[in-house]
Each structure stands twice: as structure tokens, then as C-alpha cells.
Amino acid sequence: MNDAARDTQEDAAPDAQEDTAPDAQEEWPRVTLRHLRADETNCSRRLAFEMHARSDTSKNRSARAAFELEQRVEADATNAHVELRCAGPADFRTPRELTAEQQAAYDAAAIGYLALFPDAVRHDPELEVWETASAEHRVRWSGRVGIPCRDASDQAHLRRLLLGSRAPQLDRAWLFFAALRTEGWAEEVVVDVGSLLVADRLDPIMITPAVRDDARRWSAAQVARARDRVAHPMPRMGRDCLGCPCVAGCKAHDG
Amino acid sequence: MSHTMRTLLGDIPGITPSGYASFRRCARSFLLANLLRVPESDGRFSPDRGLLVHAMLKAIHDHGRCDDAEHVTQVLADHGVDDEVTRGMIDRHVVRCPRAAQRQKHEVELARFYRQPPLMFMAHARIDAIWVHDGMLDARDYKTGARHVDRVVDDPAARVQAFVLAPHLPRVGATRLRLRYEHLAPEIDDDPEPFEPDADDLAAIADELARAVEQLWASDGEFPGVGDALICGSCGYRSICPDSATPGEPLWPVLMLGQ
């Protein structure tokens, strides 16, 4: 963060206790995993808009159908565990309203889920919110990180379902983001990552207090970088223009 | 099908070179790959070799010259990829490289917003390499696979590239645009004829892309497959597409579990 931005922020910061109240938290910037990954090749104008836009802000809507299949598989897997039990074939009913190809992929993914995740768990709706407030950074970590659930011994698990064509790999940034999002939900979380169509699953990874410490250090640097960039947002033409919510008025497209 | 055109396209549809080429080849394939992002059911090819060669060409030019054999050897060794195939592809680039260029840049991300209300779209392209020399913006697309066209202009993907590149000519001090495909695989003898669009060509491309977006909005969610064995045979959805001329069994590994 540059000096001017830091000054502005500190000037604007009221009493700390007041600032962490739920109402004040709604004003904190929204920070998603994509924002934490953003670097100088990303557009800081879009970054600023997304971090600070209110829900009633007018914006260009992006295409949502691309996430439909993934969301449907995850939703049905989640519903399969409304109580402590194993998922079964009856939990995955082919969604007839989707295209034939999406249905085929859904059916294959369902087979993959049943094979890779045969254990009995119970979905824990406590984490089923989109945001976690971080008083440390005065931001809201925003976005889903998988299916939060608990096993018979009440151990917290996070199931991450992938639909790609490659074997699953450990995504360090995602793991750190999951550690931040699950803070306050469970001290230790077992992370299970499965690539459903490939029928491959990583060995379980544990989010421990030590992992959270690493995640906090990493996110502190990433949030500082993001704040520094959005203090003086500059449009940058490139891949961020696709699906951009704030094309109107962008100087990169004035010509 | 439950999708509305707005959920499929968003407020401002995006157009990319590969997406537009896919749309022109088969609307169904475009729907599945670009709008719905359905995982491919049938393996086609691994992009790993192409990505590797692209990355090496960028690294070589970012830090030196491609005709400096010692430098090339060092870059390849630093990345642990000093194999014969990669080296052969780099060598094939060297004879085509406009090293006398005033400026060059690799992996350039560009976008262009088309705004003729009510029609809007955002075109985006990642250009492998741009060289500026002799008043020309010389854009290169490195190809490590098969050759599909005799003239670059005939590739819909190239027309999207030209559309996003054109506004940048004055900024780099160029008056002409050239798009060239560099085929680096040893089995390809000649590159296709480069494309040097003039103002009329560029205006026609803008109209063509606008018409394609109009066509998308008018499709009402109907994206029929082309049903041509030649095209379907190499499609990543050939086994699950209802319109496939070459249907079969999907190759998702998970389906082998019960066998």
C-alpha cells in the first residue's frame, strides 16, 4: 500500500471496536480467491470495482451457465448428506433440464463421487455462507470452498469436487483461502480433493493452526498488494475484459 | 434446456479466436466448450508440448536472441527441456524470426470492445508474439500441431486476432498489420499465406463478428451440431453429442470403474 492510500484508510478508520460490528463489516471489501491471486497482469480497475461494489451497484452481468454443471453436482452431493450417511445413486438424479451432454457429464461425475467419497458424513450448514469476516484484515473472504461436512466423530471435512480432465493437484492458494474461510468453523479441517471424471483423489490434507498461520501471512501480503493497486485503479486491457462487470466508462475501451 | 440467452452470454458476450473458430466449425461444440464448459468426453491431444514451446520461445526472446545458440541452450537447460523435439521447433522459428524489429513482445493480451447499441461484444485475444518492423505490426501465432488452412485469412480465429490488433497500429507507429502462422512441427513444410488486412478487410471483419453475435442472440438457445464425420471425428464431444456423426462411448476414466 502506498503512503497516500494508507493515510486515507487510517483517516477513514473509526474506532476499532465500532469498525468490527456486523454493520461495519458489510462495508469491508469483498475478497475472493481470484482477488488474492491477482497480480500486475490483472486489471486493477476491475479489482477495485469487485472488491468495493455494493450488492445494489449497477453492473454488467456475466454469463452464469458455465458454472451450472459444477454447481449442480456439488448441490446434489451436498443434499446427499443432510444427515450422517453415505451418498447413494438415488441422490444423483440426472437433471433432465440440462443439455444431453451436461447430463452425460453429470452422470459420470455422480459415479465418480460415489466411488471417491464412500464415507458417511453430515453436511454442516454452519459454513454454508458466502463470506467470512476477517477483523485482522478488515475484509470479507468471499466465495464457496467446497462442501463443509462432519464425519461420525464430528471431525470437520471440506470436500472439493473437480470436474476437469486432469488428475487433482494441490492448489496452495486455494488451500490457504479455504483455511481463511473455515476459520471460526473448525480448528482442524480435513480437506478431500477429488477429480470426479478422472476418478482420482488426493490424499487428505489437514488444515491445522500452523497452515492457518501460513495462510494469514500469505493473505496479508496479497491483501496489501490488492489494496495498493485498488487505491489508484488503472484499467488494463486483457483477459479481465471478458466478463468484466464494469466495462461502461472504462478508459481502456474509449477508442 | 433451461438456459436463457442471458445466462449463456451475459450482458456483453465474449469472443475469442478459438471460440469463434469453434462457433464457425460447429455451433454445438461452441455451446459445450465455450458457454457451458462441459468437460470433454473424448481425449483429443495434449496441449503440453505446445504450451512448453510457447513458453520457451517467450523466455528465449525475453532475455536474449533466438539465433544465439549458447543462450538458447542455456534457457532450455534452465527449464530442463533440452530435448530434440523442442530444439527442432526453436530452430524452425529462428529462420522466420524478424530479429531486426524495433520492438517485440511475447504473449500479449489484448481486448476490443465493440459497441453499436444494442449490439455489444468483447473480443479478446492472446497474441503469441508481436514484432514491429518496417512500419508493420507483425503478429505471429506459433503452431505446433497440424496445418488446417492454406491462407491465414481463411481461419476465423485469425480474423478475431486482426480485429483486436488493428486499433494498436498507430500506438506502435505501424501502418500495416500482418498475421502470420509459424508452423514449428517438422512435418509441416510451408506456413500458410500470411494475412495483411487493409481498412476494408478490417471493416468487413467487424461486420462479420457483429453478425455472429446477432446470430447468437437470435439462436434462442438452439445450437445444432454440424453432423459432419470429418469435423465430428476430432471433436472432444463426439461420443456424447446428439448430433455427432461419429458417436461412441465417452472416455472419461471414471466410466472404466465398473468394467
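Reader: How many residues of chain B are in contact with chain A, and with how many residues of chain A?
Author: A bit of background goes first: this is a predicted model, where local features need pLDDT of at least 70, side-chain atom pairs count only at pLDDT 80 or more, and totals for chains, interfaces and linings use all residues. Residues are numbered from 1 along each chain as its sequence is written, while chains are lettered from A and ligands numbered from 1 in the order in which they are written. Two residues are in contact if their C-beta atoms, placed from the backbone, lie within 7 Å. On that basis, the count for chain B is 35 residues, and they touch 37 residues of chain A.

Reader: Which element of chain B gives the most to the side that touches chain A?
Author: Elements here are DSSP runs, numbered from the N terminus: helices (H or I, at least four residues) and strands (E, at least two). Helix H1 (5-9), H3, S2 and S3 of chain B each supply at least two residues of that side. With four residues, the top contributor is S2(B).

Reader: What is the make-up of that side of chain B by class?
Author: For the classes, Ala, Val, Leu, Ile, Met, Phe, Trp, Tyr, Cys and Pro count as nonpolar, Asp, Glu, Lys and Arg as charged, and the others, Gly among them, as polar. Sorted that way, the side of chain B that touches chain A has 24 nonpolar, seven polar and four charged residues.

Reader: Which element of chain B has the highest mean pLDDT?
Author: pLDDT is the predictor's confidence in each residue, from 0 to 100. Chain B averages 92, and 97% of its residues score at least 70. Among its elements, helix H4 (residues 48-62) has the lowest mean, 90, and the highest, 98, belongs to helix H7 (residues 156-165) of chain B.

Reader: Why does Phe163(B) count as buried?
Author: You'll find Phe163(B) in helix H7 of chain B. Leaving out residues up to four places away in sequence, it touches Arg112(B), Ala123(B), Ile205(B), Ala206(B) and Leu209(B). A residue is buried if 20 or more other C-beta atoms lie within 10 Å of its own, exposed if 12 or fewer, and partly exposed in between, with C-beta atoms placed from the backbone. Phe163(B) counts as buried because its C-beta neighbours inside 10 Å number 23.

Reader: Which residues of helix H2 of chain B are buried?
Author: H2(B) spans residues 17-25. What covers its buried residues includes strand S1 (14-15), helix H3 (27-35), strand S3 (119-133), H7 and helix H8 (199-218) of chain B. The buried ones are Pro17(B), Gly19(B), Tyr20(B), Ser22(B) and Phe23(B).

Reader: How far apart are the C-alpha centres of the two domains of chain B, domain 1 and domain 2?
Author: Domain bounds come from an automatic or database domain assignment. For chain B it gives domain 1 (1-44 + 100-259) and domain 2 (46-95). Their contact takes ten residues from domain 1 and twelve residues from domain 2. Their C-alpha centres are separated by 25 Å.

Reader: At what angle do helix H5 and helix H9 of chain A pack?
Author: H5 covers residues 44-52 and H9 residues 209-231, with their axes 8 Å apart. The contact is made by Ser44(A), Leu47(A), Ala48(A) and Met51(A) of H5(A) and Ala226(A), Arg229(A) and Val230(A) of H9(A). Axes are lines fitted to C-alpha atoms, for helices over the stretch in contact, and angles run from 0 to 180 degrees between N-to-C directions. The angle is about 105°.
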